[in-house]
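Here is a short walk through a protein model, written for someone who likes to know what sits where. Keep the structure open beside you as you read.

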Amino acid sequence: MPTLIRSRSRLTPRTCAVLAPLAVLLACADAEDPMAAETGDDEEAPPGLTYQFGAKFEPPVGRVVHGIGQWHVYNEKYFELLPPNKQPASALIFVEIGDTPRGWKPDQIAAELAEYDAAGRIPHMDIALRGLQPPPDSLPKLPDPYYGIDHEVANGTKYDGRIQDLIQIVKAFRKPVMIRIGGEFNGPWNGYHPYEYPKAFRKIVNMFRQAGADNVAFVWCYEPAAPADFAEKNAAGEYRWYPGADVIDWYSVDLFTAADVADVPGGGRPGSDGMTPYKRVLAFLDMAVADGKPVVIAESAPSYYDLGDPAQAEAAWAEGFQPYFGLIATRPEIKWFHYVSYDWTQASFYSAQGWKNNDLSLSPTLASRYAAEILKPKYLHADEKHLLKDYGKYK
């Protein structure tokens with residue numbers, strides 16, 4: 001499991017080359033932005049802040065939390081693209097509670113939470129209700145396409161010990177943690193069981209609550225390559241995937257293609273539900289608003305663009321980043337995002353699907369445009385975490 005580097009590394013010649021076009025931009029932003037002065041976790045949130053939904057760890061109205069992915073080598077380069085007081089406030093962690101070749105190592109999970117905290121970032125932990133994912137080409141050949149363990153979590157005690165380990169780790173950590181349970185719940189690549197997954201989600205939330213681990217916000221995460229059956233019920237009134245508003249603090253969506261963030265001419269063809277990925281995203285966002293929940297973009301990247309290629313980087317900005325930030329701007333329920341900076345060709349699971357290099361530092365032009373967006377006052381960074389709702393209760 002990758003860990004996050006605690007401090008900013010020495011600048012390399014390549015990084016300096018990327019930073020050079022940003023120098024004037026960053027200097028001006030620091031000079032003009034009244035929010036640029038560094039703050040710390042010991043500060044209290046000023047009185048009078050308002051929160052649209054009143055959810056745990058929600059940012060004030062008009063603000064969007066800035067987060068980053070889980071790949072520490074690429075994160076280092078990302079950090080260098082932004083000034084010290086505009087660093088991400090959160091970072092991703094992934095934990096499988098099913099069996100994997102790595103084995104179950106709770107001490108390592110606890111150490112990773114401590115590293116994220118030392119770096120000033122809120123952990124956003126995905127608890128996968130499975131072991132390792134099979135390669136994409138093997139999924140159709142599985143004897144049981146529902147290979148996840150969510151049904152075992154829901155109906156038995158086999159994995160309760162591992163869940164209790166996580167509960168004790170998070171409770172002892174005490175500071176805020178965002179926890180996604182079975183992210184991308186109805187994506188067939190995860191192999192979760194209809195009608196069993198929501199029971200497993202509810203059970204895990206209730207186990208945390210019964211143990212008094214109240215420093216957690218629970219996240220329900222959708223990916224628009226999957227069907228729009230997130231609100232579907234059977235004849236008995238049981239939800240196929242929805243665990244219930246009482247156990248969800250945040251809705252979440254993962255966005256990896258241009259067709260996820262806009263209606264793309266000639267692309268994003270409708271699925272069996274008759275909807276394009278973008279229409280499915282909008283339907284899920286509408287459900288979040290109707291349910292009175294804020295939304296976090298838990299994972300995002302322009303996966304099919306090689307940012308090391310100038311032409312593709314330019315296309316990624318026009319077709320991916322601009323509509324992505326436009327979606328955030330026009331849907332105020334989106335209050336948090338994570339950009340995953342990574343070369344997907346280094347991971348066989350993703351390269352087999354045609355995903356490319358999304359290391360943001362590869363393109364000075366793209367990095368400059370991205371920085372200009374992130375430097376806007378609307379984004380909430382690591383030194384402003386004290387502004388999040390209820391953050392001061394868990395320091």
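## The largest pocket

The largest pocket of this predicted model has a volume of about 1,000 Å³. A pocket here is an open set of points on a 1 Å grid over the protein atoms alone, with protein on both sides within 12 Å along at least five of seven lines; lining residues have an atom within 4 Å of a point. Points are joined across faces, edges and corners, and the volume is the space filled by probe spheres set on them.

Its lining counts 35 residues, and Phe 94, Arg 130, Gln 133, Phe 349 and Tyr 350 lie nearest the centre. Strand 2 (90–96), strand 3 (122–128) and helix 11 (348–351) are the elements that give two or more residues to this lining. Strand 2 provides the largest share, with three residues. By type, the lining of the largest pocket has 20 nonpolar, six polar and nine charged residues. Nonpolar covers Ala, Val, Leu, Ile, Met, Phe, Trp, Tyr, Cys and Pro; charged covers Asp, Glu, Lys and Arg; the others, Gly among them, are polar.

## Enclosed cavities

How many cavities of 30 Å³ or more does a search of the whole structure find? There are three, a cavity being a set of points where a 1.4 Å probe fits but cannot get out. The largest cavity holds about 110 Å³ of space. Residues lining the largest cavity include Leu 255, Phe 256, Ser 300, Phe 321 and Tyr 339. Helix 8 (258–261) and helix 10 (310–330) each contribute at least two lining residues, and the largest share, three residues, belongs to helix 10. The lining of the largest cavity is made of nine nonpolar and three polar residues, with no charged ones.

The second largest cavity has a volume of about 50 Å³. It is lined by 11 residues, and Asp 117, Arg 121, Ile 122, Lys 385 and Tyr 391 are the closest to its centre. Here the lining of the second largest cavity splits into five nonpolar, one polar and five charged residues.

His 381 is found in the segment after strand 9 (379–380). Is His 381 buried or exposed? His 381 counts as buried because its relative accessibility is 0%; buried means under 20% relative accessible area, exposed over 50% and partly exposed in between, with a 1.4 Å probe and protein chains only. A polar atom of the His 381 side chain lies 3.5 Å from the backbone oxygen of Lys 86, and one lies 3.3 Å from the backbone oxygen of Tyr 379. Leaving out residues up to four places away in sequence, His 381 touches His 66, Asn 85, Lys 86, Gln 87, Ala 89 and Ile 374, where contact means heavy atoms within 4.5 Å.

Lys 376 sits in the loop between helix 12 (364–374) and strand 9. Lys 376 is partly exposed, because its relative accessibility is 41%. Lys 376 and Lys 86 are 290 residues apart in sequence, yet their C-alpha atoms are 9.9 Å apart in space.

## The whole protein

The protein has 12 helices and nine strands; these are DSSP runs numbered from the N terminus, with helices (H or I) of at least four residues and strands (E) of at least two. Of its 395 residues, 55% are buried.

## How to read the values

Residues are numbered from 1 along each chain as its sequence is written, and side-chain values use heavy atoms, leaving out hydrogens and water. In this predicted model, local features need pLDDT of at least 70 and side-chain atom pairs count only at pLDDT 80 or more, while totals for chains, interfaces and linings use all residues.

Technical notes. A polar contact is a pair of N or O atoms within 3.5 Å; within protein, one must be able to donate a hydrogen and the other to accept it, and residues adjacent in sequence count only if both atoms are side-chain atoms.
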